Amino acid sequence: MRIDAITIFPEYFAPLQLSLIGKAQERGILEVKIYDLRDFTSDNHHTVDDTPYGGGAGMVMKPEVWGDALDQVLTPDSDLIILTPAGRRFDQRMAEEFAASKHLIFACGRYEGIDARVGQYYSQEQFHSQSIRVHEVSIGDYVLGGGEVASLVMIEAITRLLPGVLGNPDSLVEESHAHEGFLEYPNYTKPPIWRDIPVPEVLLSGNHAAIAKWRADEAARRAKNQL
Ligand code: SAM
């Protein structure tokens, strides 16, 4: 999979060198490239924003600079993800859909966001027929300062689903949100008693059927409590 992110703060993406995502790049499972939006400006001040039409607070990111960046980064088969708190809510199902993509592009807004015509332009039929799809996505009902952290959240959730990224692919099978409404049972490791709190006895019993039943009951209890 190829992942590109366009941002005015490329440094935000340094964590992608770490842990599983860093290793996935070393192994060639994943190719990540971060673009500085200001490299696509044409004025001396590298301006990326301007005042909003209609007045109001804040600044809006200019469509020309985003257009120049995206024209270079988009390829046939790209999924263009425009981060916005007004977008479709990201969840595990969406992570699974994006994990099947060949090429994800994350457009990170700042200020009051990106001029709305950018998403509108790349949603047109001429791009759709090249299998370029535009998705406006929110990671939750709150407002962040920019799309960088939201992109990192999505990239981590999506890439751990790619074959070969997790050391043990079985980890994906029974984990929370693997299917609708499912939450994983609580996990414990050694020692058997920590600060007077014992591990549930059944987990030390060696009785696999009893352990499986306990885990299923605990998972159901957690899911019910969450409703
Ligand atoms: N004026 C926008 C609004 O009220 O919908 C908020 C803009 S926010 C301050 C700046 C940028 O942060 C957005 O363009 C988006 O890229 C990113 N952002 C903020 N909250 C987000 C969220 N919940 N999910 C995804 N991206 C978010």
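**Figure 1. Secondary-structure elements around the ligand.** Strand β5 (78–89), strand β7 (133–138) and helix α6 (147–159) each contribute at least two residues to the shell around the ligand. The model shown is predicted. Strand β5 provides the largest share of this shell, 3 residues.

**Figure 2. Composition of the ligand shell.** The ligand is surrounded by 19 residues, and the closest are L83, E112, I139, Y142 and L144. Sorted by class, the shell consists of 9 nonpolar, 8 polar and 2 charged residues. The ligand takes up the space of the largest pocket.

Figure 3. A nitrogen atom of the ligand lies 2.9 Å from a polar side-chain atom of E112. At Y142 the backbone takes part: one of its N or O atoms is 2.8 Å from a nitrogen atom of the ligand. The backbone of G146 places a polar atom 3.3 Å from an oxygen atom of the ligand.

**Figure 4. Salt bridge between D79 and R133**. Side chains of opposite charge can pair when their charged atoms come close. Here the side chains of D79 and R133 form a salt bridge with an N to O distance of 2.8 Å. D79 belongs to strand β5 and R133 to strand β7; the two residues are 54 residues apart, and the pair links distant parts of the chain. The structure contains 13 salt bridges.

Notes
Residues are numbered from 1 along each chain as its sequence is written. This is a predicted model: local features need pLDDT of at least 70, side-chain atom pairs count only at pLDDT 80 or more; totals for chains, interfaces and linings use all residues. Side-chain values use heavy atoms; hydrogens and water are left out. A residue is near a molecule or strand if one of its heavy atoms lies within 4 Å of it. A polar contact is a pair of N or O atoms within 3.5 Å; within protein, one must be able to donate a hydrogen and the other to accept it, and residues adjacent in sequence count only if both atoms are side-chain atoms. On a 1 Å grid over the protein atoms alone, a cavity is a set of points where a 1.4 Å probe fits but cannot get out, and a pocket is an open set with protein on both sides within 12 Å along at least five of seven lines; lining residues have an atom within 4 Å of a point. A molecule sits in a cavity or pocket if more than half of its atoms lie within 2 Å of its grid points. Helices (H or I, at least four residues) and strands (E, at least two) are DSSP runs, numbered from the N terminus. Ala, Val, Leu, Ile, Met, Phe, Trp, Tyr, Cys and Pro count as nonpolar, Asp, Glu, Lys and Arg as charged, and the others, Gly among them, as polar. A salt bridge is a side-chain nitrogen of Lys or Arg within 4 Å of a carboxyl oxygen of Asp or Glu.
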